[in-house]
Amino acid sequence: EGVRAEVSRELEVYQTALQAYRDADLSVRAAQTTLSQAFAALQPELEGIDTHSAGREEAMMTEVESAQKLAERLAIVVALAISVFFVALAVVISRSVVRPLSGLTEVMERLAAGERALTVPCAEQRDEIGIMARSVEVFRQGLIRAEQLDAEARVRQQAELERGRKLQALAATFQEEVRHAMGQVAGVVATVGSNADTLKVSAGIAAEQGGAVAAADG
């Protein structure tokens, strides 16, 4: 009895699930039918939209081509204007920059070659070229001052060398005189020593003689 009751319950559950599946399948099919009908109703409108889009795309392509052609013309005009501008700028630069720079370069080369008595061009200008020219002038003055200091240092060095030679000569003369004086002193000392020895001998002889005389008197 228990097994039959269990089987009956399983069958009831299966039948319930099967009925739910059938109901769901019917609902899905109904929804598909509704969607198909809606799509069929919208199909003419979609085709109209596609036709309008195609026409709009063609118009946009025409506008893009026109814009491209206009941009190409403008690019040509701008390129010509830029070319003219740069040609004019090159002429201005050549007159206002290249020539002064060439002059300053020549001055620097002459300074490097040792020339100092020269005039730096463009030093009175109030622009970058003038600043460079004044810097070159300061450099020129610095070279002149450095050479003057070097000459003065050479003179002082020569004077110091001459003074050193004189001091060396005086020192050598002094040493020679000292050696000569020491030799004379040594000779005198030797003579005095010899005389002292002689006096000692004489004194000894005199003492002996005095002793002999005293003994004879006695």
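Q: How many helices and strands does the protein have?
A: This is a predicted model, and its secondary structure can be counted along the chain. Helix 1 covers residues 2–112, and helix 2 covers 128–217. The totals for the protein are two helices and zero strands.

Q: What percentage of the residues in the protein is buried?
A: The protein exposes about 17900 Å², of which carbon and sulfur atoms supply 64%. Among its 218 residues, the buried share is 6%.

Q: Is cysteine 122 buried or exposed?
A: Cysteine 122 is found in the loop between helix 1 and helix 2, and it has a positive phi of about 70 degrees although it is not a glycine. Its relative accessibility is 15%, and the cut-off for a buried residue is under 20%. Cysteine 122 therefore counts as buried.

Q: Which elements give two or more residues to the largest nonpolar core?
A: The largest nonpolar core has nine residues, including Leu104, Cys122 and Ala133. Leaving aside neighbours within four places in sequence, alanine 133 is in contact with Leu104 and Cys122, among others. The elements giving two or more residues to this core are helix 1 and helix 2.

Notes
Residues are numbered from 1 along each chain as its sequence is written. This is a predicted model: local features need pLDDT of at least 70, side-chain atom pairs count only at pLDDT 80 or more; totals for chains, interfaces and linings use all residues. Side-chain values use heavy atoms; hydrogens and water are left out. Helices (H or I, at least four residues) and strands (E, at least two) are DSSP runs, numbered from the N terminus. Buried means under 20% relative accessible area, exposed over 50%, partly exposed in between (1.4 Å probe, protein chains only). Accessible areas come from the Shrake-Rupley method with a 1.4 Å probe; for residues, only the protein chains shown count as cover. A nonpolar core is a set of buried Ala, Val, Leu, Ile, Met, Phe, Trp, Tyr and Cys residues joined through side-chain atoms within 4.5 Å. Contact means heavy atoms within 4.5 Å.
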